[in-house]
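Biologist: I am new to this one. Please show it to me, and then let us go through it in short questions.

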Amino acid sequence: MIKTGAEIVWECLLREGVRNIFGYPGGAILPTYDALTKYDIHHVLVRHEQGATHMADGFARAGGGVGVAIATSGPGATNMVTGIATAMLDSSPIVCITGQVGSKLIGSDAFQETDITGVTLPITKHNYLVTHAEDIARTIREAFYIAQSGRPGPVLIDITKDAQQGTCKFDWESAKPQLPGYRPDLSPAPEDYEKAIAMIGSAQRPVILSGHGVILSGATRLVKDFAERAHIPIAMTLLGIGGIPASHPLNLGMMGMHGEAWVNHAIQEADLLLAFGMRFDDRVTGNLKTYAPTAKKIHVEIDPAEINKNVRVDIALLGDLGEVLQELLPRIETRDRSEWLSHIRELKGDSAVRDIQNLPDSGHLYAAHVINDLWRETRGRALVVTDVGQHQMWEAQYYHHDQPRSLITSGGLGTMGFALPAAIGAKFARPDAEVWVVVGDGGFQMTMAELATIVQEKIDVKIAIINNGFLGMVRQWQEFFYEKRYAATPLLNPDFAKLADAYGIRSFTVSERKDVISTVQEVRQHPGAALIDFRVEQEDSVYPMVPAGADLHAMIRRPAPIWETGSDE
Ligand SMILES: Cc1cc2nc3c(=O)[nH]c(=O)nc-3n(C[C@H](O)[C@H](O)[C@H](O)COP(=O)(O)OP(=O)(O)OC[C@H]3O[C@@H](n4cnc5c(N)ncnc54)[C@H](O)[C@@H]3O)c2cc1C
Ligand SMILES: Cc1ncc(C[n+]2csc(CCOP(=O)(O)OP(=O)(O)O)c2C)c(N)n1
Ligand SMILES: [Mg+2]
């Protein structure tokens, strides 16, 4: 079959199962857009190419498939950079297609020419520059294979205009990926299993560190069975949230910089850490020199580059977590670890007393109240997409996720502006899910142009702006470490409800606690997109907090007896 390169792009995407694509047109990608009219693929017109990449990312994280974004050369491609880096740091499988100037013009500073494969080299799992129509099919097949195999990640395909316009024979079968140097299927040596089993059997104070890899591997059930069989408590990373139900008795909660105090103490006192699909991020470990000093470490991980990168481990079981656990599970003996589990209960100490939920109602609206009420009202079943900042941490602490892929958040890059577009992508992947955006007043303004995409696409996404009038997380650092010099953190915001009105989106403003639940109820009953501007306490802080680089156990705790910040006196 003779086809143009542009047609081959869509032929291949259809065969890869793509039904929705997020993008923005322009000169260098026009031949491909023109060919789209002949294919049954739904194109979502975004308002900024960064939005397209976050949508593809949200689509992938919510549904487990590959998300696809498309843009033109030059500024279209460079606008994708933040979204690609976001996907890279969180191992999210996306494929980005960009148009490039004609192959004869490459290197001449032609109109809208950017060396996007050069720019994205360090932030893609792999990238391609395609200059011939003949190479398009093989490249797209390879890109999808690379994006989702082994450790997932973003792949970029830059296609010159003449390659899109050229014609060649299209043969799907002979374009099968052949990547002899790429070996994503690893499995541990038998003796490493033996050593791990012995180490687990003799541990008295073990903790499982459950990461994003648990969700990516689809190993949630196996981790739960493993923990139940061996009576081992589980701590989650931010991206591991949802992997193990929050309501499970062995689930301790989140670890790390804003993790629960008892979780961090348990890690510091442990004699064995079982790291399942997590990469010992600095937000998780604090000071590496004093991290879990008495613990042996077993790392189950698919990417060899992660082994001994931050934390030296005693045993590495390299491979897909699900496959490794299938081997391990039947060989794990049941052990009584009730002493350790009750010790951890004691470590909780006065945490409940310090908790903001137990504050008497002082007439103030706290973000934690809003998020906890949202959790109650949605019975924990919403798919929540957060932005980055204090609200993100409060969401992790006060919305209790029982399902995998029910929290989508930018962890590694911490990309403000992620939430709104990622939620749009998530809704396309899971149209039946109740999708909520939990976003700060700062981050919302970075990508709020995508409100128009929501309206144009007629999709039902609920938006909760946690409006504290500050770049809150940075303000918190200034309060704790820069003697309250609030340089460039106070925000003068538009009236978000009026802004939503302008787009034809139903909107509400809430500033009192008594109105939270009724407004959430009203929004849930509304059959389309809606936005709530929650005017919350301005100078509240996220506790506990491990200062950057401090020992994991050296947390700043919410002062007890409870003292709230500034305006609370
Ligand atoms: C403001 C802010 C505060 C933060 N505070 C915290 C905090 O307090 N606590 C916290 O935990 N995080 C926090 N983070 C997030 C943190 O930066 C990291 O993103 C997070 O800890 C990474 O979690 P992870 O290692 O589970 O996931 P990833 O970074 O996604 O790593 C997943 C790992 O699993 C491996 N993997 C993938 N697939 C498989 C498979 N099939 N089998 C086996 N292994 C696999 C990958 O190779 C990778 O090594 C914060 C982020 C922000 C923006
Ligand atoms: C694109 C980008 N720029 C800057 C930062 C640094 N940063 C991290 S959190 C934060 C403040 C976020 O403010 P807001 O969106 O209002 O959320 P809040 O912390 O108030 O909940 C900033 C500026 C970032 N993470 N991303
Ligand atoms: Mg804010």
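Biologist: How far does a backbone N or O atom of Met-473 lie from an oxygen atom of ligand 2?

Modeller: This is a predicted model, in which local features need pLDDT of at least 70, side-chain atom pairs count only at pLDDT 80 or more, and totals for chains, interfaces and linings use all residues; side-chain values use heavy atoms, without hydrogens or water. Residues are numbered from 1 along each chain as its sequence is written, with chains lettered from A and ligands numbered from 1 in the order written. A polar contact is a pair of N or O atoms within 3.5 Å; within protein, one must be able to donate a hydrogen and the other to accept it, and residues adjacent in sequence count only if both atoms are side-chain atoms. For Met-473 and ligand 2, the distance is 2.9 Å.

Biologist: What share of the area of ligand 2 does the protein bury?

Modeller: Accessible areas come from the Shrake-Rupley method with a 1.4 Å probe; for residues, only the protein chains shown count as cover. Taken alone, ligand 2 exposes 590 Å². The protein buries 76% of that.

Biologist: Which residue has a polar side-chain atom 2.9 Å from an oxygen atom of ligand 2?

Modeller: Phe-470 uses a backbone N or O atom, at 3.0 Å from a ligand 2 oxygen. The side-chain contact at 2.9 Å belongs to Asn-468.

Biologist: Which helix gives the largest share of the shell around ligand 2?

Modeller: Helices (H or I, at least four residues) and strands (E, at least two) are DSSP runs, numbered from the N terminus. H18, H20 (441–447) and H22 (472–481) each supply at least two residues of this shell. The largest share is four residues, from H20.

Biologist: How many charged residues are in the shell around ligand 2?

Modeller: Ala, Val, Leu, Ile, Met, Phe, Trp, Tyr, Cys and Pro count as nonpolar, Asp, Glu, Lys and Arg as charged, and the others, Gly among them, as polar. The shell has seven nonpolar and nine polar residues. The charged count is one.

Biologist: Which helix gives the most to the shell around ligand 1?

Modeller: H10 (212–217), H13 (282–285) and H18 (390–398) each supply at least two residues. The top contribution is four residues, from H10.

Biologist: What percentage of the area of ligand 1 does the protein cover?

Modeller: Oxygen atoms of ligand 1 lie 2.8 Å from a backbone N or O atom of His-212 and 3.0 Å from one of Met-257. On its own, ligand 1 has 980 Å² of accessible area. The protein covers 96%.

Biologist: Are H3 and H19 parallel or oblique to each other?

Modeller: Axes are lines fitted to C-alpha atoms, for helices over the stretch in contact, and angles run from 0 to 180 degrees between N-to-C directions. Angles under 35 degrees count as roughly parallel, over 145 as roughly antiparallel, 65 to 115 as roughly perpendicular and the rest as oblique. The axes of H3 (residues 49–63) and H19 (residues 419–429) come within 6 Å and cross at roughly 45 degrees. The two helices are therefore oblique.

Biologist: Where is Asn-308 found?

Modeller: Asn-308 is not a glycine, yet has a positive phi of about 60 degrees. Its place is the loop between strands S13 (296–301) and S14 (315–318).

Biologist: Is the peptide bond from Tyr-543 to Pro-544 cis or trans?

Modeller: Pro-544 is in the segment after strand S20 (530–535). Omega for the bond from Tyr-543 is near -10 degrees, and the bond is cis.
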